[in-house]
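Subject: Structure handover

Hello,

Please find the structure below. My notes come after it.

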Amino acid sequence: MNMRFGLILFLFTLYVSVAFGQHKHKMDPYFKDRYKKVKLTKSKRRVICPGNNFSKYPYQGIGIKLGDPFAITYKIYMSPKSSFVMDYGRVATGLYNNFHKNNFQQRTQPDTLSAGSSIIYFNQKANSDAIFNMKFLYNKSFNTMKALNWYLGAGFQFRWHDIKYDYIYQTVTYQSELRSFSLASYTYGPSVTTGIEFTHPDIAISSFFEMELYHDLLAYPGWMRVSGGVGVRYNF
């Protein structure tokens, strides 16, 4: 009986000591202290995970704009509320057919013809029809959606084109001859802009839609044109 009691007491003492030892010395995770926490600079974080929520200004964006005009677009975000944009490209010549046709008619007034002769418009082709636009913008985010901004701005446009006109020259004896001439022009004027821009929260891409009103000062004083388009930029 004493031997049985002694064995039970020994097993109980062994169990208590093992349990107490396990409580005091917990098992460490297998990966503990094997890998150190990686610290990345802001520039490296942009490369690995290029988000567009940059807290440091200025930063830039470059991309393309589709519409009128079709252009390369560059934007510098100077602050959360101010930015500067430059666009260079080609206007949508097909949307200016009536404008160029009116220029043809003004260029070929009847008093420039010999008596009894006439000119009949036939066709036109744009050898070049380009634009360079620069503007300052005021930006403001929507309260319910911080990634979406609206903006207003003002700027200046430089335009130049070279239009080749084909026409039928008809004499007093009703003889007809197909002729052509080119009309080159350079002009400029102020513009105002409004639009919206969405900045993707996870990738360095922003997309936008905008409308512009242009007022000519040089070659066609008083001429006004509304244009617009959509575009996308990569921000860096």
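These notes cover a lysine, the nonpolar cores and the aromatic rings.

This is a predicted model, in which local features need pLDDT of at least 70 and side-chain atom pairs count only at pLDDT 80 or more, while totals for chains, interfaces and linings use all residues. Residues are numbered from 1 along each chain as its sequence is written, and side-chain values use heavy atoms, with hydrogens and water left out.

Lys75 is in strand 2, residues 70-79 (strands are DSSP runs of E, at least two residues, numbered from the N terminus). Lys75 counts as buried because its relative accessibility is 1% (buried is under 20% relative accessible area, exposed over 50%, partly exposed in between, with a 1.4 Å probe and protein chains only). Its side chain makes a polar contact of 2.8 Å with that of Glu197 (N or O atoms within 3.5 Å, one able to donate a hydrogen and the other to accept it; residues adjacent in sequence count only if both atoms are side-chain atoms).

The largest nonpolar core has eight residues, including Phe104, Tyr167 and Leu183 (buried Ala, Val, Leu, Ile, Met, Phe, Trp, Tyr and Cys joined through side-chain atoms within 4.5 Å). Strand 5 gives the most to this core, four residues.

There are 23 aromatic pairs (ring centres of Phe, Tyr and Trp, its six-membered ring, within 6.5 Å; planes under 30 degrees apart are stacked, over 60 edge-to-face, the rest tilted). Tyr186 and Tyr188 are edge-to-face, because their centres are 6.3 Å apart and their planes at 65°.

Regards
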